[in-house]
Amino acid sequence: MHTLSLKELSDGLKARRFSSRELTRHYLDRIGAHDRALNSYITVTAERALAQADAADARLAAGEAGALTGIPLAQKDIFCTAGVRTSCGSKMLDKFVAPYDATIVRKLDGAGMVMLGKANMDEFAMGSSNETSFYGPVKNPWDLERVPGGSSGGSVAAVAAGLAPVATATDTGGSIRQPAALTNLTGIKPTYGRVSRYGMIAFASSLDQAGVVARSAQDAALVLQAMSGFDPLDSTSVERPVDDYSGALGKSLKGLRIGLPKEYFAEGLDPGARACIEAAVKVYEGLGASVREVSLPNAPLSVPTYYVVAPAEASSNLARFDGVRYGHRAEGVHTLEELYKRSRGEGFGAEVQRRIMIGTYVLSHGYYDAYYLKAQKVRRLIYDDFRRAFGEVDLVLGPTAQSVAFKLGDKTDDPVAMYLNDIYTIAANLAGIPAMSLPCGFHQGLPVGMQLMGNFFDEARMLNAAHQYQQATDFHRQWPKGFE
Amino acid sequence: MTDWEAVIGLEVHCQLLTKSKIFSGAATAYGAEPNTQADGVTLGFPGVLPVLNGEALRMAVTFGLAVGAQVAERCVFARKHYFYPDLPKGYQISQYELPIVAKGTLDIELDDGHGGVTHKTIGITRAHMEEDAGKSLHENYSGATGIDLNRAGTPLIEIVSEPDIRSAAEAVAYLKKLHQLVVYLGICDGNMQEGSFRCDANVSVRRKGEAKFGTRTETKNVNSFRFVEKAIEYEIERQIEVIEGGGRIIQETRLFNPDTGETKSMRVKEDANDYRYFPDPDLLPVVCSADYIERIRELLPELPDTKKVRFQKNYGLAAYDAGVLTGSRELADYYEEVVKLSGADAKLCANWVITDLLGALNKLGKEKYVDSGFVTIPASMLAGLLKRIADKTISGKIAKEVFEAMIAGEGDADAIIKAKGLVQITDESAIISAIDKVMAASPGQLAEYRSGKDKLFGFFVGQVMKATQGKANPDAVNRLLKEKLAG
């Protein structure tokens, strides 16, 4: 059952070939069998899942089921789930049981989806390898000695290994796309404002966006559809109708204009990965798309810009974790200052502390203009680059990551090397445009992802381009050994 | 002291009278059980987001228009960071570089020391929207501190004046005027005890004629008009003493102690927080269209100054009386209602409202006469009494008696007049008969009067009024008595 697409699962459920309870049980069994090796879940919510499955079965029996009713999923542990621990991968929230549901949790529950559990992640989504999680690193199903990418490492490992048919994820600088690329999945980060951020624990508010990791563009389209839409509880969500993503998947690519940003094919891109991307470009040409070079001259400034903006916002967003109302509180403290210092010192891991310090520094009196304000100006230039590019082309195509998955521990001692993992993905967050990663081949037996970036709210066109490619190729259908 | 001049600027935190908080649906009512009005947003739970309350914005714009300020087409919320247990998110959502209101003015009236008044215009630098913090409760927790977040997230506007104020008296005049205005506008309940209207005072001194400001201190926690006056006076004296003693003022925050009337240092500038302001990415810039601003302008009530001038002009009132009657919107409305319903002379109405009604309510100790007093004696009731004066049913003197009974809850004017038989005697024959009786009973006085002792006229008036239980029309008594006494 775990090799079926969401469409096939839905058809199976509706035809009563299997029940949601059986399907859920199947995934829970697989989690039991495989997750010790992968560590993709922080919390497995078996009882809750089976209760949701039963409710879904009742809806299916009553003929009231939608396209996702009865289908299990994993929720990244960054989304608040009422009554279920929501840790955000941090010791700080190890004992935090959210008192409310995130909007997307409410929406997906409402669609009848079954939550199997909460997926592992880098602490507060800060990381590119899932090695900063308080709950230990997640392993890549393609090679257990390698990282799955981050911060949505648990989400991708679970889906890649068939421990969930689909998972939610979030992307602040590449946290959906880079892990999707490293685990042979399709992951989409929609336009900023397309999916509500309410109930998603904030890392960098102006960059954070929720999305999906799935086994195909078709699967991703279904779940993204259910997650998207205006939310009055999120002032930055956009009041604009949601396109019919699944309905857009049949279109021909004839006449589609694809731009290859020359800055994305420069130094630093692994030749093996480059070969896969170039082959993919040929496939697109074969499908009728026209390809030309475009320039995003300010793209090389993405990483430094991001590492000012994101830590600045993070230092502010994480100020609420003070040990006073919820979360980790140090014991045996005598003064207020001690309470703050020790609760935060003990509750946050090293990477989170590093970013809080960077962020505090760049917002400090006397440094604000030189760092934060300057970064915002560069951000505008990056945005303008994309505006210009989308005047010439419909989609921008490039690599998602510089290379394939690296080994656990390889980059943990070198934060800057780790930060450079997101060199191709960050620009989309800074600009706010939708972007996705999809499998485009293998290098040294490991998956290579390519990235598509679209104009604002052009998710439908982007998903169709990914889908057409997946009709012509079978990379996305490959399974990691031992998990078939 | 006379060589010195004080330079004062005031920061006023004014709670806006919205039903719910500035960024969430939690209630704002005062006095609830601790933390019963704290929802997820108020508590700063992970993942929650702020959504601006449109009413708070409308009220801030209303204030800006009322002080003739510029209302920003685009204003921005910023985060102000500091750690404190009653600040749930570790930052306060406020406004920094782009506030909603800038460059307004407020005119104040000052006693000129010779029985007259002078006018002065105080600049308002800016007013910005922000959320209130919660409260730390240091009592009754045996060594621990309790946190009540009911107040956290209550909308405020912080109104910052220019350093245009030169004395404690001016500061109080400014504050009272501001207080009157925000209550008039219906954007603040003005309750200073409950903290709805709070003031911090920036004070410095310089030798007269000096162009440069001295180093200032900020005194916090001065939450009544009297405390503001005392705190500023204390601070001015303290600073002069320090400088004259060869010392130097350090920039610091001071706390006013209402029990001692003194201010003492709370923290010096070096310890001040670096608030690390930056635009709040959870809230989009607020755009106020010209249409939106115009719609709010159209809804502005008549402002106190305008009303006062109109009262002077339309009702022929003295400036002082017009000032008292326009002191609050409710009192002004009350007065106009009395004039309208009674048809009596507007000045007479003013006298009754100011002297009799407010006097009586003061005596009853009803500070909030506006609410409680007006229920005791609604405008229609007072108008009913004045109508009987106007139509000469009763004299002004009898009216006082009726009013006493009214206050005591004995009913409306007509009922009291009827029950007590107080209808004025205007029938001349009845008055003449009373005069005749008095003259007959006082032959000695009559003879003295007729022999030129004019002063005795008053005696006869008194006797006639006594004989008629005060009900005789005084004009008629005067006229008829003169005729009769002349013989």
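Mentor: The model is predicted, so local features need pLDDT of at least 70 and side-chain atom pairs count only at pLDDT 80 or more, while totals for chains, interfaces and linings use all residues. Residues are numbered from 1 along each chain as its sequence is written, and chains are lettered from A and ligands numbered from 1 in the order in which they are written.

Trainee: Why are H2(A) and H3(A) called roughly antiparallel?

Mentor: Helices here are DSSP runs of H or I with at least four residues, strands are runs of E with at least two, and both are numbered from the N terminus. Axes are lines fitted to C-alpha atoms, for helices over the stretch in contact, and angles run from 0 to 180 degrees between N-to-C directions. Angles under 35 degrees count as roughly parallel, over 145 as roughly antiparallel, 65 to 115 as roughly perpendicular and the rest as oblique. Helix H2 (residues 20–38) and helix H3 (residues 46–61) of chain A pack at about 155°, with their axes 8 Å apart. H2(A) and H3(A) are therefore roughly antiparallel to each other.

Trainee: Which residues make the contact between H2(A) and H3(A)?

Mentor: Two residues are in contact if their C-beta atoms, placed from the backbone, lie within 7 Å. H2(A) contributes A:Ser20, A:Arg21, A:Thr24 and A:Leu28, and among the residues from H3(A) are A:Ala46, A:Leu50 and A:Leu60. By class, this contact has 7 nonpolar, 2 polar and 3 charged residues. Ala, Val, Leu, Ile, Met, Phe, Trp, Tyr, Cys and Pro count as nonpolar, Asp, Glu, Lys and Arg as charged, and the others, Gly among them, as polar.

Trainee: What makes H9(A) and H11(A) roughly perpendicular?

Mentor: Helix H9 (residues 302–317) and helix H11 (residues 350–362) of chain A pack at about 100°, with their axes 7 Å apart. The range for roughly perpendicular is 65 to 115, and H9(A) and H11(A) are therefore roughly perpendicular to each other. In this contact, residues of H9(A) including A:Tyr307 and A:Pro311 meet residues of H11(A) including A:Arg355 and A:Ile358. The contact of H9(A) with H11(A) divides into 8 nonpolar, 3 polar and 1 charged.

Trainee: How many residues does each chain give to the contact between chain A and chain B?

Mentor: Chain A gives 34 residues and chain B gives 25 residues. On the side of chain A that touches chain B, H9 and helix H10 (336–347) each supply at least two residues. H9(A) gives the most to that side, with 3 residues. That side of chain A comprises 19 nonpolar, 9 polar and 6 charged residues.

Trainee: What makes S4(B) and S5(B) a pair?

Mentor: Two strands pair if DSSP finds at least two bridges between them. Strand S4 (residues 77–81) of chain B is joined to S5(B) by 5 bridges, and the strands run antiparallel. One bridge partner is B:Ser94 in S5(B), for B:Ala78.

Trainee: Why do S5(B) and S15(B) stand at the edges of their sheet?

Mentor: The open sheet has 3 strands in the order S5-S4-S15 (chain B), with antiparallel pairing. Strand S5 (91–95) and strand S15 (278–279) each have a single partner strand, so one side of each is left without a neighbour in the sheet.

Trainee: Which strands stand at the edges of the open sheet of 9 strands in chain B?

Mentor: The order is S2-S6-S7-S10-S1-S11-S12-S13-S14 (chain B), with mixed pairing. Strand S2 (70–71) and strand S14 (262–268) of chain B stand at the edges, each with a single partner strand. Within this sheet, strand S6 (residues 101–111) and strand S7 (residues 117–131) of chain B are antiparallel, with 10 bridges. S7(B) is also joined to strand S10 (residues 155–161) by 7 bridges, again antiparallel, and B:Met129 has B:Ile157 of S10(B) as its bridge partner.
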